[in-house]
Amino acid sequence: MKYYCLMVRTGEEERFKQNALEALRDDFPLFSAYFFRKKMRTNKGLFFEQALFPGYVFCGIARLEAEIVARVRRLHGFYRFLMSNTDIRPLAGESLSVFENFLRCGENLGLSRLRFEPGRRIVVTGGPLKGLEGNIIAVNKRQRRVTVRLDMMGCVSRVDMCYEDVTETESGR
């Protein structure tokens with residue numbers, strides 16, 4: 001199974017995923033689509049879900065055929081395949097291992113536990129982002145949120161995450 005990343009209209013990822021599955025299910029039974037959501041907490045302690053990768057839907061298929069590409073491109077909300085519509089590449093290397101880690105946790109990702117020392121690198125010690133390292137951009141202790149710059153899927157991404165337990169690490173910068 002190879003996995004590909006699609007750019008779609010932001011806010012319509014779930015609808016696009018369902019449309020893609022319905023349009024391709026009969027002719028390509030091994031086609032699968034994934035859209036990841038993360039759990040967040042409001043400053044009042046209420047939980048809500050938010051897109052982990054806004055505007056991205058991932059798909060899996062054993063072999064990406066021209067007919068699949070043509071049918072996906074006709075779906076409402078589709079923008080392009082990554083890297084481009086003429087150079088479609090499957091996820092590989094670190095991007096693939098991060099994606100497979102998300103798949104193991106499911107599409108609805110829970111809270112991650114963080115370890116960090118303010119102004120230094122952090123290591124995620126639990127949850128769907130476990131093992132990833134990055135730099136803290138901002139900490140909002142009142143809302144219990146941390147904004148972290150992580151290297152995921154081949155590019156640097158800003159990720160807002162809730163935290164339950166925050167401890168300092170002994171590692172350096």
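**Aromatic pairs and a buried lysine**

Tyr3, Tyr34, Phe36, Phe53, Phe58, Phe99 and Phe102 are joined into a cluster by ring pairs. Rings of Phe, Tyr and Trp (its six-membered ring) pair if their centres lie within 6.5 Å; planes under 30 degrees apart count as stacked, over 60 as edge-to-face and the rest as tilted. The model is predicted: local features need pLDDT of at least 70, side-chain atom pairs count only at pLDDT 80 or more, and totals for chains, interfaces and linings use all residues. Residues are numbered from 1 along each chain as its sequence is written, and side-chain values use heavy atoms, with hydrogens and water left out.

By the ring rule, there are 11 aromatic pairs. One of them is the tilted pair of Tyr3 and Phe99, with 4.7 Å centre to centre and 50° between the planes. Because Tyr3 belongs to strand E1 (residues 2–8) and Phe99 to helix H3 (residues 93–105), this pair ties together parts 96 residues apart in sequence. Helices (H or I, at least four residues) and strands (E, at least two) are DSSP runs, numbered from the N terminus. Tyr3 and Phe99 are both buried, that is, under 20% relative accessible area, with exposed meaning over 50% and partly exposed in between (1.4 Å probe, protein chains only).

The ring centres of Phe36 and Phe58 are 5.9 Å apart and the planes are at 55°, so this pair is tilted. Phe36 lies in the loop between strand E2 (32–34) and strand E3 (37–41), and Phe58 in strand E5 (residues 56–61), 22 residues apart. Both Phe36 and Phe58 are buried.

Lys38 is located in strand E3 and counts as buried because its relative accessibility is 9%.
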